[in-house]
Amino acid sequence: MLPEQLPLSPGAFTTAAAVRNAGRGASETRICIARGLPSIFLFADPGARRLRGFHLFDGWAEEDDRGPVFHLTSVGALGGHRLTLGNRALLDHREHGRALHLFAADGPSGSPVDPVRQRYLGEFLVDPTEPHLERRAPALGPGNRTRRVFVFRLRPVPGRPFQRDDRDGTATPEEHAAAAARTWFVSYR
């Protein structure tokens, strides 16, 4: 359940600032742990795969025999990603009694303070059977280096409403492989 200050249903629009504010000053990353609330807010950017050369692997995966799966890339600024801090909190959310609330970037908000509109997709769980995949993504800095990232596999909470939209893209295994193969083309200045 979302905090009472954030009465959203799947498909509703908000901004990351509004979500973080309702989360009592939650951290400003893609994985935001709410302070004093049993919630973690997740911000996916499915369009980043297309716009920024596959730096992120966010989007719906192909549905399997257990239902829909959403991929969310781990966080970490430098070097390979590790399963610490926000990534660990996401992975261990059930053990700590935290609900995962997933949002997807969905166009401009019209606000200069928080320019990206977020669409609430619903409450999700990390897949207990296969919690994450390991992928390669471009490393920051000069050269054509790559780094390890984790792609969390999230499933809608059974019996709760969620929104699946074509705007969220689909991350197929072939797209992941193609993305990893293309990372050597990316260079930063």
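Biologist: Does alanine 89 count as buried or exposed, and at what relative accessibility?

Modeller: Buried means under 20% relative accessible area. Alanine 89 has 16% relative accessibility, so it counts as buried. Keep in mind that this is a predicted model.

Biologist: Where does alanine 89 lie, and which residues does it touch beyond four places in sequence?

Modeller: Alanine 89 lies in helix H3. Setting aside residues up to four places away, alanine 89 touches Ile33 and Ile40. Cysteine 32 is 57 residues away from alanine 89 along the chain, yet their C-alpha atoms are separated by 9.5 Å.

Biologist: Let me step back. How many helices and strands does the chain have?

Modeller: The chain has four helices and nine strands. Along the sequence, the pattern runs β-α-β-β-α-β-β-α-β-β-β-β-α.

Biologist: What share of the chain is buried?

Modeller: There are 189 residues, and buried ones make up 47% of them. The chain exposes about 9500 Å². Carbon and sulfur atoms supply 56% of that area.

Biologist: And what share of the contacts joins residues 24 or more positions apart?

Modeller: Take the contacts with a separation of 6 or more: residues 24 or more positions apart account for 65% of them.

Biologist: How do I read a nonpolar core? Which members of the largest one touch the most other members?

Modeller: First the general idea. In soluble globular proteins, nonpolar side chains tend to be buried together. Now this case. The largest nonpolar core holds 18 residues. Leu42, Phe70, Leu90, Leu100, Leu102, Phe124 and Leu154 touch the most other members.

Biologist: Which elements give two or more residues to this core?

Modeller: They are S3, strand S5 (70–73), helix H3 (85–91), S6, S7 and strand S9 (146–156).

Biologist: Pick one member. What is phenylalanine 70 in contact with, beyond four places in sequence?

Modeller: The contacts of phenylalanine 70 include Trp60, Leu102, Leu121, Phe124, Phe152 and Leu154. Arg153 and Asp168 are also among them.

Biologist: What does the second core include?

Modeller: The second core is separate and has eleven residues. Among them are Leu6, Leu37, Phe43 and Tyr120.

Biologist: Now the rings. How many aromatic pairs does a search of the whole structure find?

Modeller: The search finds seven. One of them joins phenylalanine 41 and phenylalanine 103. Their centres are 6.4 Å apart, with 65° between the planes. Planes over 60 degrees apart count as edge-to-face, and this pair is edge-to-face.

Biologist: Why is the pair of phenylalanine 43 and phenylalanine 103 stacked?

Modeller: Planes under 30 degrees apart count as stacked. Here the planes are at 25° and the centres 5.4 Å apart, so the pair is stacked. This pair also links distant parts of the chain, with phenylalanine 43 in strand S3 and phenylalanine 103 in strand S6, 60 residues apart. Both phenylalanine 43 and phenylalanine 103 are buried.

Biologist: Which residues form one aromatic cluster?

Modeller: Phe41, Phe43, Phe103 and Tyr120 do.

Biologist: Which residue lies over the face of phenylalanine 13?

Modeller: Arginine 117 does, at 3.9 Å from the ring centre.

Biologist: Is arginine 136 buried or partly exposed?

Modeller: Arginine 136 is partly exposed, with a relative accessible area of 38%. Arginine 136 is found in strand S8 (residues 132–138). Valine 149 is 13 residues from arginine 136 in sequence and 6.0 Å from it in space, C-alpha to C-alpha.

Biologist: What about glycine 67: where does it lie?

Modeller: Glycine 67 lies in the loop between strand S4 (59–60) and S5. At 10% relative accessibility, glycine 67 counts as buried. Proline 158 is 91 residues away in sequence but 9.7 Å from glycine 67 in space, C-alpha to C-alpha.

Biologist: Last, confidence. What pLDDT does the chain average?

Modeller: pLDDT is the predictor's confidence in each residue, from 0 to 100. The chain averages 78, and 76% of the residues score at least 70.

Biologist: Where is the pLDDT below 50?

Modeller: One such stretch is residues 50–54, with eleven contacts in the model beyond near neighbours in sequence. Over residues 175–189 the pLDDT also stays under 50. That stretch has 31 contacts in the model beyond four places in sequence.

Technical notes:
Residues are numbered from 1 along each chain as its sequence is written. This is a predicted model: local features need pLDDT of at least 70, side-chain atom pairs count only at pLDDT 80 or more; totals for chains, interfaces and linings use all residues. Side-chain values use heavy atoms; hydrogens and water are left out. Rings of Phe, Tyr and Trp (its six-membered ring) pair if their centres lie within 6.5 Å; planes under 30 degrees apart count as stacked, over 60 as edge-to-face and the rest as tilted. Buried means under 20% relative accessible area, exposed over 50%, partly exposed in between (1.4 Å probe, protein chains only). A charge sits over a ring if NZ of Lys or CZ of Arg is within 6 Å of the ring centre and within 35 degrees of the ring normal. Contact means heavy atoms within 4.5 Å. A nonpolar core is a set of buried Ala, Val, Leu, Ile, Met, Phe, Trp, Tyr and Cys residues joined through side-chain atoms within 4.5 Å. Accessible areas come from the Shrake-Rupley method with a 1.4 Å probe; for residues, only the protein chains shown count as cover.
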